[in-house]
Amino acid sequence: MGTQYSGVRESKPGRLNDLGIQSKEAEAQFKKGCLKRADRSFSQGLQCQQINSMACLMSLEDSVFVSHSPQGCVGCAIMAIDMFRVGQAHRGEKIIKNPRIIVTNLDQKSVVFGGEQKLKESVRKAVERYNPKLIFVYASCASGIIGDDIDSICANLETEFSGTTIIPIHCEGFKSKICASGFDAAFLSINKYILKKKKLPSIPNLVNLFAPTTVSYADQKEMERMLKSIGAEANYIPFYSSLEKIKRIPQAVASTSICKVFADEFMKTLEEDYGIPYSHTVMPIGIRNTDKWFRGIAKILGKEAEVEKIIAEEHKRIEPLVAKIRSRLEGKRVFICGGTGRSFAAAALIDDFGMRLVGLETPTYDEDAQIDVEYLNTIHKDFIIDVANMQPFEQVNLVKKLKPDAFIGVPDWAAKLGIPTTHVLDGKRPTMGYDGLLYLGNKIADQLSNPGFNKKLAAHVKLPYRDSWYEENPFKYIVGV
């Protein structure tokens with residue numbers, strides 16, 4: 001029996017945070033085992049586990065989400081709420097709903113005397129108001145430091161409300177600097193309190209398709225279309241899912257994920273506990289990555305011959321269109337910023353358009369990132385890698401120095417430098433699969449052709465940094481390397 005995964009990504013070797021390095025050096029040092037986890041003597045911000053645990057499940061039907069925290073801990077939920085609302089509209093809902101979120105509002109008194117009574121009252125109010133099938137109780141830094149026993153509270157309250165499953169999720173922000181640990185915390189609780197390691201009869205051709213909140217409805221349909229073309233039925237989870245779909249997870253014959261880091265650890269658990277094989281490849285952005293993702297799941301299903309025929313047809317359809325976009329983008333220099341899966345996937349798609357990668361920002365560096373870097377180093381000159389979780393002061397310093405023609409990723413800061421930007425975490429528009437590639441390419445090219453908005457924004461907005469900061473080494477606050 002292997003040791004049960006703790007849900008903390010740093011607990012496994014070879015996962016690094018806080019690093020600034022040239023790509024070829026990163027490749028060489030990682031191979032030698034010489035890349036070391038570092039820290040920062042100054043940090044501007046940090047995305048914590050709790051918000052990822054909440055966003056992971058926020059669109060589940062018949063659910064209430066209780067954050068056992070101060071009010072401020074749910075502030076970042078606004079992005080997931082926006083995605084949820086937009087996703088409903090795209091799916092044809094006429095009455096748009098907000099997720100049901102209750103905050104226990106821990107305060108100074110709670111820190112001294114404990115917040116357990118507040119949690120009990122909040123869960124009872126959740127049942128009284130909404131009568132949900134599921135209540136997720138999220139721990140926070142505050143409740144973790146206080147030591148409130150959310151597991152026992154949830155278990156005791158569940159005996160009061162027989163029709164509701166109450167699930168504690170240990171996503172205290174201080175447990176991990178790798179924010180993807182929040183996804184793992186949510187899935188560990190689903191396995192423990194809903195699936196309970198019960199093995200069920202398999203459903204032929206059923207595939208668990210794991211997807212985070214930032215996947216658009218257009219991307220969902222594209223992935224489902226691709227799976228259907230090889231005879232597979234997608235169990236699309238947990239976004240816009242339900243308790244019934246969650247319970248079907250052990251009945252699948254295979255699992256795959258749209259995001260490279262979203263459900264990778266959970267799919268390993270499903271293989272260990274239920275014998276479900278999984279395909280852990282890449283995020284399907286760009287031709288090469290989409291082919292790889294498609295072939296990965298087809299191999300598990302024994303559909304290799306069928307998928308090669310489909311891929312050939314797709315290439316024949318889109319390659320002439322990609323060539324037209326390439327004529328508009330070839331040679332342009334690009335800086336990329338996104339999650340670990342999406343940033344490297346976006347770096348791969350620029351192969352299709354003949355662009356040059358000059359810098360890449362990612363929250364984590366691990367074995368999967370190393371595979372991508374080894375490939376990227378064969379087609380690009382040396383580029384800068386910034387391993388950073390929400391450190392915009394480093395990003396703007398780098399972008400200012402590198403002066404890319406385009407910025408692909410989370411664009412808030414780069415846009416204010418006058419750089420044409422394209423959002424790669426776009427839950428409202430297609431970005432994945434063969435058709436998503438065409439949309440992304442045209443969007444990048446259109447913004448390069450018409451950069452007026454970004455130039456005007458830069459003329460009227462000043463970033464909160466002194467001019468002297470742009471002359472400094474962007475990685476000066478990384479220590480312990």
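In this predicted model, the side chain of Asn473 reaches the backbone nitrogen of Phe475 at 3.0 Å. Asn473 sits in the loop that runs between helix 19 (452-460) and strand 16 (478-479), and with a relative accessible area of 45% it is partly exposed, because that value falls between the 20% limit for buried and the 50% limit for exposed. Although Asn473 and Thr340 are 133 residues apart in sequence, their C-alpha atoms are 23 Å apart in space.

**The largest pocket**

- About 1,300 Å³ of space lies in the largest pocket, whose lining is made up of 50 residues.
- Of these lining residues, Gln47, Met79, Met390, Val410 and Leu425 are the ones that lie nearest the centre of the pocket.
- By residue class, the lining divides into 26 nonpolar, 17 polar and seven charged residues.
- At least two lining residues are supplied by each of helix 2 (49-57), helix 3 (77-90), helix 14 (340-353), strand 12 (356-362), helix 16 (392-402) and helix 17 (412-415), and the largest share, four residues, comes from helix 2.

- A polar atom of the Gln391 side chain lies 3.2 Å from the backbone oxygen of Asn389, so the pair falls within the 3.5 Å limit for a polar contact.

**Nonpolar cores**

- The largest nonpolar core holds 109 residues, and the members that touch the most other members are Leu57, Phe210 and Tyr365.

- Helix 8 is mostly covered, with 12 of its 15 residues buried; among them are Phe183, Asp184, Phe187, Asn191 and Leu195.
- Directly after helix 8 comes Lys196, whose phi is positive, near 55°.
- Lys197, a residue other than glycine, also has a positive phi, near 60°; Lys197 lies in the loop between helix 8 and strand 7 (206-211).
- With a relative accessible area of 53%, Lys197 is exposed, because the limit for that class is over 50%.

**Other backbone features**

- The peptide bond that leads from Ile237 to Pro238 is cis, with omega near -10°, and Pro238 is found in strand 8 (residues 233-238).
- Asp62 has a positive phi of about 55° although it is not a glycine, and Asp62 is placed in the loop between helix 2 and strand 3 (63-67).
- The relative accessible area of Asp62 is 38%, so this residue counts as partly exposed, between the 20% and 50% limits.

- Ile169 lies in strand 6 (residues 165-169) and is buried, with a relative accessible area of 0%.
- The C-alpha atoms of Ile169 and Asp184 are separated by 9.8 Å, the two residues being 15 residues apart along the chain; Asp184 is itself one of the buried residues of helix 8.
- Ile311 is found in helix 13 (residues 304-329), where its relative accessibility of 3% means that it counts as buried.
- Between Ile311 and Leu16 there are 35 Å in space, C-alpha to C-alpha, and the two are 295 residues apart in sequence.

Key:
Residues numbered from 1 in each chain as written. Predicted model: local features only at pLDDT ≥ 70, side-chain atom pairs only at ≥ 80, totals over all residues. Heavy atoms only, no water. Core = buried A, V, L, I, M, F, W, Y, C linked by side-chain atoms within 4.5 Å. Buried < 20%, exposed > 50% of the residue type's maximum accessible area, 1.4 Å probe, protein only. Polar contact = N/O pair within 3.5 Å; in protein donor to acceptor, adjacent residues only side chain to side chain. 1 Å grid on protein atoms, 1.4 Å probe; cavity = no way out; pocket = protein on both sides within 12 Å on 5 of 7 lines; lining within 4 Å. Points joined across faces, edges and corners; volume = space filled by probe spheres on them. Nonpolar A, V, L, I, M, F, W, Y, C, P; charged D, E, K, R; others polar.
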